[in-house]
Amino acid sequence: MYHIVVCIKAVPDPKQADQIRIDPVSKTLKRSEVPLVLNPLDKHAMEAALHFKETSEAFVTAISMGPPEAGNIVKECLALGADQGILLSDRTFAGSDTYATALTLARGIEKIGRYDLILCGMASSDGGTEWVGPQIAAFLGIPVVTMVEELTETGPEIWKVKASIENGYRLMQVKLPAIFTVTRTLNSPRVLSFSGIIKARKKQILCWSASDLGAAEDTVGLLGSPTVVSTMTTRSSRRQVEIINGTSEEKAEILVQKLADAGLV
Amino acid sequence: MLIPADDRLMKVFRKRKDQKMTREGACNPIWVFAEQAEGQIQDVSLQLVGKARELARALNTTVEVILLGCGMKDQVQFLFAAGADRIYLGDAPVLKWYEPEIYTQMIVSLAEEKKPEIMLIGSTCTGRELAPMVAARLKTGLTAHCIDLLINETRILEQWIPAYGGLISIICPKNRPQMATVARGVFPRPTMDENRHGDVVMLDIPTNIPGRIQTLQVVRREPETVPLESAAIVVAGGVGAGNEEGWRQIAALARALHAALGCTRPVVDEGWAGHETMIGQSGKMVSPELYIGIGLSGELQHLIGVVSAKVMVAVNKDARSPVFEQVDYGIVEDCRTFVPLLIEKINVYRSRQAGA
């Protein structure tokens with residue numbers, strides 16, 4: 001039986017995330033109450049795990065490092081069909097860069113025990129670095145393929161997957177256990193069902209802190225992060241706008257004329 | 001001059017290069033990982049060598065490049081011309097394509113031995129997989145999608161990225177090397193000096209590779225449309241398009257103008273366009289003559305991808321949209337009604353020109 005671990009992240013709702021701004025006067029972050037949702041690309045990772053479970057025997061664990069509120073997205077994944085959920089949460093995890101995040105998740109995954117496949121979205125909608133998947137792989141000493149767009153051959157132990165590259169793909173042969181970070185092209189995520197939500201009530205969410213992971217204070221959070229934010233500033237506009245007026249027809253005509261005059265049409 | 005990877009000679013180099021000196025003295029070299037695809041060195045790598053040259057001047061050090069591939073010996077001249085002082089060359093059939101375990105092992109081993117001060121890697125699909133693995137193995141920090149790099153007064157590399165409507169600088173104060181990825185087009189192609197030369201150090205291929213992952217095939221398709229990075233005209237659409245039908249209208253406008261079509265991240269989230277057409281910090285960087293932003297709000301994460309443009313135009317139905325502070329011409333219209341109108345006027349203009 002496969003054990004598939006899906007790494008998920010709670011992110012500020014991308015549709016409202018532009019409310020979080022740097023204040024131009026104080027040059028600090030003006031936080032606003034944007035709700036946390038499941039990272040969009042992680043839905044595709046969950047879908048890949050659940051789809052695989054439909055045709056092969058598999059146990060799916062959803063794991064996340066986040067504040068207590070991130071428990072909601074773990075619950076959501078249980079409702080989608082994951083078998084168990086794990087939340088890695090601790091005050092000392094705050095301020096983690098990707099190195100500390102990946103190391104913490106790797107420790108959590110090692111604590112789970114045996115795993116065959118780890119899936120994550122290729123990037124989060126807030127940080128968007130694309131680093132955590134490959135860095136977990138480096139810490140666990142297993143292979144990784146990023147930007148997976150197709151699972152071409154699925155095992156049992158040797159998988160073949162297509163990874164997106166500029167204007168094409170590379171076909172990779174991988175021996176499990178391994179990590180795949182996935183793109184939107186891979187699949188269409190299923191939506192929550194009422195029966196899934198009911199079944200989720202019986203499923204377990206484990207909550208692990210830094211000490212549960214045996215993590216020394218200087219290896220997590222801000223203290224465990226090699227990078228740190230140094231300065232924040234705002235960018236001033238460099239152009240003076242001319243608003244084109246008139247009826248819609250006139251505006252279109254004026255614009256075409258301006259572009260033509262500049263030799264652009 | 002080819003120098004064998006030989007212990008005795010390496011000790012001499014180590015003594016000269018690896019000593020970390022005081023604030024005013026020299027420091028260890030700046031590295032660039034040069035990416036090749038099908039035997040061609042990628043533009044982003046030359047751009048990064050140029051930038052590394054500038055950073056090296058500020059730190060009083062040299063620029064070294066790692067190049068892995070097969071049959072690349074005649075390409076090294078481009079890297080010297082761009083500003084490299086030394087090239088570490090891995091040349092073997094097994095390196096023809098990016099092989100994750102081998103490439104990572106070779107870079108990590110060399111970096112552990114040579115201890116570079118800074119390492120820059122192009123933010124390509126390969127780079128975005130290789131860089132984080134290398135950084136994790138070297139236990140160091142890595143910043144993604146930088147839009148600027150500079151050495152500050154404490155001789156630390158400031159890595160600038162757009163975030164939260166502004167710009168933030170990230171630093172890696174203690175761990176080394178300080179690593180950053182940068183997309184093609186952020187920095188200009190350097191002036192090539194054909195008279196520059198340097199030394200080439202051949203790298204051994206490691207034998208202790210686990211062998212759990214292999215590249216079986218690399219397939220490239222002909223790009224269907226004008227590539228964004230080199231397009232003279234770029235039409236970028238945002239979620240103001242409303243739906244797939246609205247998006248198709250914007251695509252039709254791009255065709256009418258013979259423009260490349262780009263988009264914002266929310267459009268990719270909606271599924272109307274692919275990640276490879278996204279313009280912005282974690283997508284493509286463009287430098288067109290004309291940029292037209294349709295139904296987008298002018299988020300810094302997106303507009304930072306417009307490195308330069310002669311003329312910028314925006315169409316947005318909200319007169320107070322921040323995009324209007326960042327362009328030359330603004331049109332306050334709902335793009336769903338305005339774009340078809342604009343296409344019509346373009347066709348009318350063209351047929352008039354043809355008739356005349």
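## Domains of chain B

The centres of domain 1 and domain 2 of chain B, taken over C-alpha atoms, are separated by 34 Å. This distance, like every other value here, comes from a predicted model. Domain 1 of chain B covers residues 2-8 + 22-202, and domain 2 covers 228-355.

Contact between the two domains of chain B involves 10 residues of domain 1 and 10 residues of domain 2. On the side of domain 1 that touches domain 2, 5 residues are nonpolar, 4 are polar and 1 is charged.

## Contact between the chains

Chain A and chain B touch each other: 67 residues of chain A are in contact with 70 residues of chain B. Within the side of chain B that touches chain A, strand β14 (residues 213-220) of chain B gives the largest share, with 8 residues. Sorted by class, this side of chain B holds 37 nonpolar, 18 polar and 15 charged residues.

Strand β14 of chain B also pairs with a strand of the other chain. Its partner is strand β11 (residues 168-175) of chain A, and the two are joined in the antiparallel sense over 7 bridges. In this pairing, Val174(A) stands opposite Ile213(B).

## A sheet with strands from both chains

Which strands form the open sheet, and in what order? There are 4 of them, in the order β14(A)-β11(B)-β10(B)-β9(B), with antiparallel pairing. The edges are taken by β14 (228-233) of chain A and β9 (148-151) of chain B; each has a single partner strand, so one side of each is left without a neighbour in the sheet. Direction ignored, neighbouring strands of this sheet are turned by 30 degrees against each other on average.

Inside this sheet, strand β10 (residues 157-163) and strand β11 (residues 166-171), both of chain B, run antiparallel and are joined by 5 bridges. Ala163(B) stands opposite Gly166(B) of β11(B).

## Two crossing helices in chain B

Two packed helices are described by the angle between their axes and the distance between the axes. For helix α4 (residues 100-114) and helix α5 (residues 127-137) of chain B, the axes come within 10 Å and cross at roughly 45 degrees. That angle makes α4(B) oblique to α5(B). The crossing of α4(B) and α5(B) is right-handed.

From α4(B), the contact is made by Pro100(B), Tyr103(B), Thr104(B), Ile107(B) and Val108(B). From α5(B), it is made by Glu129(B), Leu130(B), Met133(B), Val134(B) and Arg137(B). By class, the residues of this contact between α4(B) and α5(B) are 7 nonpolar, 1 polar and 2 charged.

Key:
Residues numbered from 1 in each chain as written. Chains lettered and ligands numbered in written order. Predicted model: local features only at pLDDT ≥ 70, side-chain atom pairs only at ≥ 80, totals over all residues. Pairing = 2+ DSSP bridges. Axes fitted to C-alpha atoms, helices over the stretch in contact; angles between N-to-C directions. Contact = placed C-beta atoms within 7 Å. Nonpolar A, V, L, I, M, F, W, Y, C, P; charged D, E, K, R; others polar. Parallel < 35°, antiparallel > 145°, perpendicular 65-115°, else oblique. Left-handed = near helix turned anticlockwise from the far one by under 90°. Domains from an automatic or database assignment.
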